Structures are given as structure tokens and as C-alpha cells.
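This report describes one protein model for a reader who has not seen it before. Please look at the sequence and the structure first.

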Amino acid sequence: MKNTIAKENDTKFEILPILKERYSPRTFSKTPLSEVELRSLFEAGRWASSSYNQQPWRIIWGIKGNKTYDRIFSCLSEFNQSWASNAPVLLLNGFKKTTDKGEENFLALHDLGLFMGNVSAQAQHLGIALHQMAGVNFEKAKKEFNFPKDYHVATAVAIGHYGGNIEDLPKDLRDQEDSINRTRMMQREFTFNGDYFNEPELDSSERGLNSSKEQIMKKINN
């Protein structure tokens, strides 16, 4: 289902429409999500790749009006609580820190990211929005949901259909609810056909551009 709310991003190369149109809102349509829709998202995540197919991700989910939703909400940071109640569904994402042999799994967080990448793509295909959150009281969440010692709670996610009223947000967040004016680093800042290097003129941020101008002026003046 095409998301008609957000304008497509001005990508430098052609990419899939569901990637162009995706963004992370803090308001959502009042239309509830069904468990069947959620299961479709989880099924997409289920087929993500993982190191040695260990599938270290563990997901806690709650639909608004459900006790689990309230328990997840209680683990969010105060900032995220100021808007996340707009979401019909909340998730907590955890991962197993150790391998089946009891060794540290350095790739577990990477694999959880792959899981959520699949979930995000499937959600966009269905016209469902995600807003992933780092603002979680990890220790409280781990205790609240009885995660074993060798697990870590990493992130939370607000889920709902695109839409909603910007007036539902605190005033200081309304200006940020903009699906159009989004920026990304240029490819030259993070892709290298050879050794990694960091030069100011590669930085496309305002700070980087100002630094580049300073460097150029120094060369001119010298």
C-alpha cells in the first residue's frame, strides 16, 4: 500500500519506492492494527538473515488497551512517553548476547537490526509506519519482562498506520514532524573504494561545509 502522506525523498540513485517513502512519524492514524497485521510484520522479520542462523532477536509486543502495552510504555524515557501514546502498538526489542556455545555474540545487535530492516520494509509495503526509539530504561525493561541474564533490551518501537493529528504532539515536537525536510550523509562520507579517511570537504553537514570553507580560505591566504 503506497504511503500518500510523505513525499518521496530526492535520492541520488534510483531505489525501491518503499524505501524512498518511509519516514518515522510521531503521530499515527486512529485506525487500530490487528494482530494479523502485526504477525505479517513479525513474519518478515523472522526471515531475516543472522550469523549462523542463531536468530538472537526477542520481541515483546502490546496493542493499545492491553496491559502489555502499558508495561512497555512504562519503560520508555520521559521524552518518548510524551508522544508514544499516539501509537496503536508498542514493541520492545531485545537480543541474546551469547551464542549457543555460551560465547559472546558480537553480531547479535547487527542481526536485530536486520530483523527490524525486514519489519520496516514490510510495514511500509502495508502502509504502516514505525518509529524506533533508543530512549528506553533498559534495566527496568529487562526486569519487567523477565529477560534472562544473557539478554539485553536494545530499543522500543511505536507502530501505527500513517496519519494522525499534529496537535496530538507537544508543541516543541510539532516542528520536527516533517516527512519532507530529511537529510542523509552523502555516499562519499561513508563509502570508500580503498582505505577509510576523514576529510572536512567530504562532510555535507553545515559544520562540515563551514570547515571546508575555512580550509579553502587558509590555502588561499597562504
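The side chains of serine 29 and threonine 31 are joined by a polar contact of 3.0 Å. A polar contact here is a pair of N or O atoms within 3.5 Å; within protein, one must be able to donate a hydrogen and the other to accept it, and residues adjacent in sequence count only if both atoms are side-chain atoms. The model is a predicted one, in which local features need pLDDT of at least 70 and side-chain atom pairs count only at pLDDT 80 or more, while totals for chains, interfaces and linings use all residues. Residues are numbered from 1 along each chain as its sequence is written, and side-chain values use heavy atoms, with hydrogens and water left out.

Serine 29 sits in the loop between helix H1 (17-21) and helix H2 (35-46). Helices (H or I, at least four residues) and strands (E, at least two) are DSSP runs, numbered from the N terminus. Leaving aside residues up to four places away in sequence, serine 29 touches Pro88, His161, Tyr162, Gly163 and Gly164, where contact means heavy atoms within 4.5 Å. Serine 29 counts as buried because its relative accessibility is 17%. Buried means under 20% relative accessible area, exposed over 50%, and partly exposed in between (1.4 Å probe, protein chains only).

The chain as a whole has 8 helices and 4 strands, and along the sequence they follow the pattern α-α-β-α-α-β-α-β-α-β-α-α. Of the 222 residues in the protein chain, 37% are buried. Among contacts between residues at least 6 apart in sequence, 70% join residues at least 24 apart.

The search of the whole structure finds 6 aromatic pairs. Rings of Phe, Tyr and Trp (its six-membered ring) pair if their centres lie within 6.5 Å; planes under 30 degrees apart count as stacked, over 60 as edge-to-face and the rest as tilted. Tryptophan 57 and phenylalanine 115 form a tilted pair, with 5.1 Å from centre to centre and 35° between the planes. Tryptophan 57 lies in strand E1 and phenylalanine 115 in helix H5 (residues 108-125), so the pair ties together parts that are 58 residues apart in sequence. Tryptophan 57 is buried, at a relative accessible area of 8%, and phenylalanine 115 is buried as well, at 4%. Elsewhere, Phe192, Tyr196 and Phe197 form one aromatic cluster.

Glutamate 43 belongs to helix H2 and is partly exposed, at 36% relative accessibility. Glutamate 43 and valine 119 are 76 residues apart in sequence, while their C-alpha atoms are 8.1 Å apart in space.

Most residues other than glycine have a negative phi.
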